Amino acid sequence: MSPGRGRTESGRNPVWGRMRPLSLPAALTSLTLFLPLALPAPASAQQSAADTANTGIAVTDPLVIESCDRCHAVDEDGMMTRVSYMRKTPEGWQQSIRRMVTLNDVELDPEVARDIVRYLSDSHGLAPEELRPGRFEVERRLIDWSYEESHEGDEDVDRVCSSCHSMGRVVIQRRTKEEWDLLMAMHRGYYPLSDTQGFRRFGPPAPGASDTRHPMDKAVAELSGKFPMTTAQWTSWSATMRPPRLAGTWALKGHHPGRGPIYGTVEISEAADGADFTTRVSYAYARSGEQVEREGRAIVYTGYQWRGRSFEGGDEATSLREVMMVERGWGEINGRWFAGDYDEFGPDVTLLRADGPVVLGLHPVALRSGSTATVTVHGVNLPTGLGAADLDLGPGVEVVSVTRSDSEVLAAEVTASDEATVGARDVFLAGRPVPGHLTVYETVDRILVTPEAGMARLGGGAFPKGFAQFEATAFSDGPDGKPETDDDLNLGFVDVEWSMEEYSAVFDDDDIEYVGTLGADGLFQPALDGPNPDRDGLRNNVGDVWTVATWRGPDGKEVRGRAHLIVTVPLYMRWEPWRVQEMPLPRRRTSDMGNER
């Protein structure tokens with residue numbers, strides 16, 4: 001993934017340099033979007049957007065005015081300098097407040113800071129349509145994302161911003177042209193090297209160039225045009241925005257990288273302790289049967305931005321942050337839960353309102369012809385006491401017996417005949433369609449390892465590690481017998497044996513001995529950061545390797561797949577001054593964790 005196009009760690013690109021750590025007042029360290037206190041009423045001024053790009057949103061909340069007007073004056077129309085002329089996500093407003101505290105000596109109690117974030121997120125936030133293209137940023141997804149492709153963006157503008165952080169941070173802001181100018185000025189003031197590293201192109205534009213603007217001027221022109229303060233989306237959303245009514249039972253389905261699909265329920269209740277909602281979560285891993293119980297709290301910013309945190313037994317080590325979107329209609333909530341300090345750990349989730357029966361999914365999703373297996377259908381409020389006749393898996397697949405039938409799971413012993421037609425077939429439970437398909441296949445012909453190009457970061461000494469999780473998906477070549485064609489059959493995630501091989505880039509390459517270890521669950525744990533005295537030339541533990549997945553069939557057949565893994569240096573510069581250096585791993589990941597050289 002190139003620095004200008006993709007995300008290397010939670011949307012942040014590598015920067016080679018040093019930045020003086022910023023110490024935070026003790027009161028601010030407990031400020032978090034995920035443990036809210038109060039919900040102020042939305043400002044009436046947000047109900048309509050201005051018709052001109054230079055008109056902002058009045059600030060009417062007394063707490064915001066009292067806390068901020070030392071530096072941000074409010075005029076007779078209620079317009080507050082800087083603040084009235086930008087819109088951001090809750091994370092964006094939280095970052096602004098932390099910058100005010102760390103760099104401008106602002107003193108705020110955590111409760112006050114939370115209330116300010118809440119007010120600004122509601123009154124000066126983003127519409128769902130504005131956030132959606134860049135939601136990967138707040139969900140901290142490690143993806144390869146292109147500003148040029150997603151927004152038809154200019155490559156030079158991309159380079160100016162993504163030299164230090166992802167463009168995702170940029171596309172989830174809205175500002176007037178003057179504010180985009182001032183944002184550039186702030187970067188130049190706080191980070192002077194930005195001028196020579198990108199903003200002014202190492203000097204004036206080349207004589208005779210078709211575009212003689214400096215890169216930063218070109219960026220301001222593009223960003224103010226594509227991400228203006230006034231938009232039709234915000235005008236529309238401001239008119240309909242209200243606190244969503246989410247109390248009730250929700251069906252949960254998701255996928256946890258490295259561990260497979262999860263199914264369960266989420267009970268959402270209105271909170272009485274300052275949060276919007278409390279949650280009780282119960283789910284199971286379909287592949288292993290492991291049961292998980294969690295409890296949490298959440299708020300919803302701007303009428304749709306769910307921010308929460310949940311724990312197993314109240315244990316901080318099991319904490320998961322919840323960043324989700326409440327869809328219009330209040331019938332679906334979707335997003336990601338992750339460990340927070342280590343963004344790479346956590347499941348993708350979807351919640352569906354469960355006012356009646358909800359069928360969530362099937363496991364396994366593939367069945368070899370001529371074999372017998374246990375197939376489970378997962379859901380919420382399912383009819384109970386069902387029999388073999390109530391599960392329809394299509395022609396050639398016989399339901400021999402039902403071994404379990406309750407409100408959450410139907411489990412059945414099934415047999416696929418030797419003559420069963422190869423391919424994907426619809427599944428029905430008591431006449432209701434089950435999401436997805438059951439695929440009948442003859443052979444496993446290909447193993448795909450994802451991500452196909454992974455990256456991990458050394459750490460454990462002076463910097464936190466960056467892990468990489470790999471998975472293996474099996475494919476059959478389908479009727480045409482050719483790989484990677486339209487009729488290939490996806491057989492789902494499979495259990496494999498994991499190993500590493502040298503990615504030979506030079507003669508006598510020895511990276512595999514130093515970069516780290518690959519666990520039986522496909523989790524790569526990088527080695528220690530810093531020069532290694534045991535390595536030739538006192539080199540760091542960086543390098544390239546192949547991660548190899550080997551699947552073995554019942555007849556002894558082996559099928560292998562592999563992915564490229566780059567193990568690189570720590571993320572030396574972090575653009576979130578509140579992140580701490582001591583970050584323990586989630587509990588389940590610590591058993592084989594080491595600081596090996």
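The following dialogue works through several features of a predicted model and how each may be read.

Trainee: How many helices and strands does the chain have?
Mentor: Helices (H or I, at least four residues) and strands (E, at least two) are DSSP runs, numbered from the N terminus. The chain has twelve helices and 28 strands. Of its 597 residues, 54% count as buried, where buried means under 20% relative accessible area, exposed means over 50%, and partly exposed lies in between, with a 1.4 Å probe and protein chains only.

Trainee: How should I read the open sheet of four strands, and what is its order?
Mentor: Strands of a sheet pair through backbone hydrogen bonds, either parallel or antiparallel. Two strands are taken as paired if DSSP finds at least two bridges between them. Here the order is 12-18-17-14, with mixed pairing, and the edge strands, each pairing on one side only, are strand 12 (366-368) and strand 14 (391-392).

Trainee: In which sense does each pair of strands run, parallel or antiparallel?
Mentor: Strand 12 and strand 18 (residues 432-441) are parallel over three bridges, with Leu 367 having Val 440 of strand 18 as its bridge partner. Strand 17 and strand 18 are antiparallel over six bridges, and in this pair Gly 423 stands opposite Val 440. Strand 14 is joined to strand 17 (residues 423-429) by two bridges, again antiparallel, and Asp 392 has Phe 428 of strand 17 as its bridge partner.

Trainee: What lies between strand 17 and strand 18 in their hairpin?
Mentor: Two residues lie between these strands, and Ala 430 in the turn has a positive phi of about 50 degrees. Ala 430 is partly exposed, with a relative accessible area of 38%. Another positive phi in a residue other than glycine is that of Asn 381, near 60 degrees; Asn 381 lies in the loop between strand 13 (372-380) and strand 14, and it is partly exposed at 36% relative accessibility.

Trainee: Where does the cis peptide bond from His 363 lead?
Mentor: That bond runs to Pro 364, with omega near -5 degrees, and Pro 364 lies in the loop between strand 11 (358-363) and strand 12. The peptide bond from Thr 450 to Pro 451 is also cis, with omega near -5 degrees, and Pro 451 is in the loop between strand 19 (446-450) and strand 20 (453-457).

Trainee: How many residues are in the largest nonpolar core, and which have the most contacts inside it?
Mentor: In soluble globular proteins, nonpolar side chains tend to be buried together. A nonpolar core is a set of buried Ala, Val, Leu, Ile, Met, Phe, Trp, Tyr and Cys residues joined through side-chain atoms within 4.5 Å. The largest has 54 residues, and those with the most contacts inside it are Leu 223, Leu 246, Trp 306 and Ile 333. Strand 8 (residues 315-326) gives the most to this core, with five residues. Domain 1 (130-236) and domain 2 (248-353) both contribute residues, so the core lies between them; these bounds come from an automatic or database domain assignment. A second, separate core of 28 residues includes Ala 456, Ala 474, Ala 527 and Leu 565.

Trainee: Is Asn 334 buried or exposed, and which side chain does it join through a polar contact?
Mentor: Asn 334, in strand 9 (residues 332-338), counts as buried because its relative accessibility is 10%. Its side chain makes a polar contact of 2.9 Å with that of Arg 135; such a contact is a pair of N or O atoms within 3.5 Å, and within protein one must be able to donate a hydrogen and the other to accept it, while residues adjacent in sequence count only if both atoms are side-chain atoms.

Trainee: How far apart are the end C-alpha atoms of helix 11?
Mentor: The expected span of a helix is 1.5 Å times one less than its number of residues. The twelve residues of helix 11 (residues 215-226) should therefore span 16 Å, and the end C-alpha atoms are 16 Å apart, which agrees. The buried residues of helix 11 include Met 216, Val 220 and Leu 223.

Technical notes:
Residues numbered from 1 in each chain as written. Predicted model: local features only at pLDDT ≥ 70, side-chain atom pairs only at ≥ 80, totals over all residues. Heavy atoms only, no water.
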